[in-house]
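I opened this notebook to keep track of what I looked up, one topic at a time. The entries follow the order in which I went through the structure.

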Amino acid sequence: MQPPTQGFFLFGPRGTGKSTWLAQMFPLALRIDLLAPELLRALQARPERLRERIAAEPEAHTIVIDEIQKAPQLLDVVHSLLEEQPEHGAASLLGGRLALLLIFKGRSRSA
């Protein structure tokens, strides 16, 4: 399977290799794993921290958020990021457990 050039949702049952596939296809991606309880609590308390985390890593052109279903309020932040720079971004979500993949090409962040 070829990696997508735009964002996507990837659904599937637990243990089918979704996260492994993403790691192989996008080895340089910024990975945000919401299975980490401290990170999950921090992002649930202040979803805008996702924007701060992404802005802190301007070299990251691909962002994977694993288990996005645990913090659905983050989807508003993702939407906002894409609206700000539609020419640079696409959102994709993966899961059964769900992971979000954001792809920013040639991204020039001013944040």
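This is a predicted model: local features need pLDDT of at least 70, side-chain atom pairs count only at pLDDT 80 or more; totals for chains, interfaces and linings use all residues.

**Entry 1, helix α1.** I began with helix α1, residues 18-25, and looked up which of its residues are buried; they are Lys 18, Trp 21 and Leu 22. Looking down the axis of α1, I find these buried residues within an arc of 100°, so they line one face of the helix. For my own reference, buried means under 20% relative accessible area, exposed means over 50%, and partly exposed lies in between, with a 1.4 Å probe and protein chains only. The arc is taken from the directions that run from the helix axis to the C-beta atoms. Helices (H or I, at least four residues) and strands (E, at least two) are DSSP runs, numbered from the N terminus.

Residues are numbered from 1 along each chain as its sequence is written, and side-chain values use heavy atoms, with hydrogens and water left out.

In which sense does β2 pair with strand β3, residues 62-66? The two run in the parallel sense, and four bridges join them; strands count as paired if DSSP finds at least two bridges between them. Along this pairing I placed Leu 30 opposite Ile 63 of β3, and I noted Asp 66 in β3 as the bridge partner of Asp 33.

I then asked why β3 can be called largely enclosed by the rest of the structure. The reason is that five of its five residues are buried. Both faces of β3 are covered, with Thr 62, Val 64 and Asp 66 buried on one side and Ile 63 and Ile 65 buried on the other.

I followed the chain into the loop between β3 and α4 (74-84), where Glu 67 lies. Phi of Glu 67 is near 70°, which I marked as a positive value in a residue other than glycine. Glu 67 has a relative accessible area of 5%, so I list it as buried. Ile 68 also has its place in the loop between β3 and α4, and at a relative accessible area of 1% Ile 68 is buried. I checked Ile 68 against Leu 35 as well: they are 33 residues apart in sequence, and C-alpha to C-alpha they are 9.4 Å apart in space.

How many salt bridges does a search of the whole structure find? I have three, where a salt bridge is a side-chain nitrogen of Lys or Arg within 4 Å of a carboxyl oxygen of Asp or Glu. Arg 46 forms one with Glu 48, their closest N and O atoms being 2.7 Å apart, and another with Glu 52, at 3.1 Å between the closest N and O atoms. I therefore wrote down Arg 46 as partly exposed, given its relative accessible area of 31%, and Glu 52 likewise as partly exposed, at 42%. Arg 46, Glu 48 and Glu 52 are linked in a network of salt bridges. Glu 57 forms a salt bridge with Arg 53, with 3.8 Å between the closest N and O atoms.
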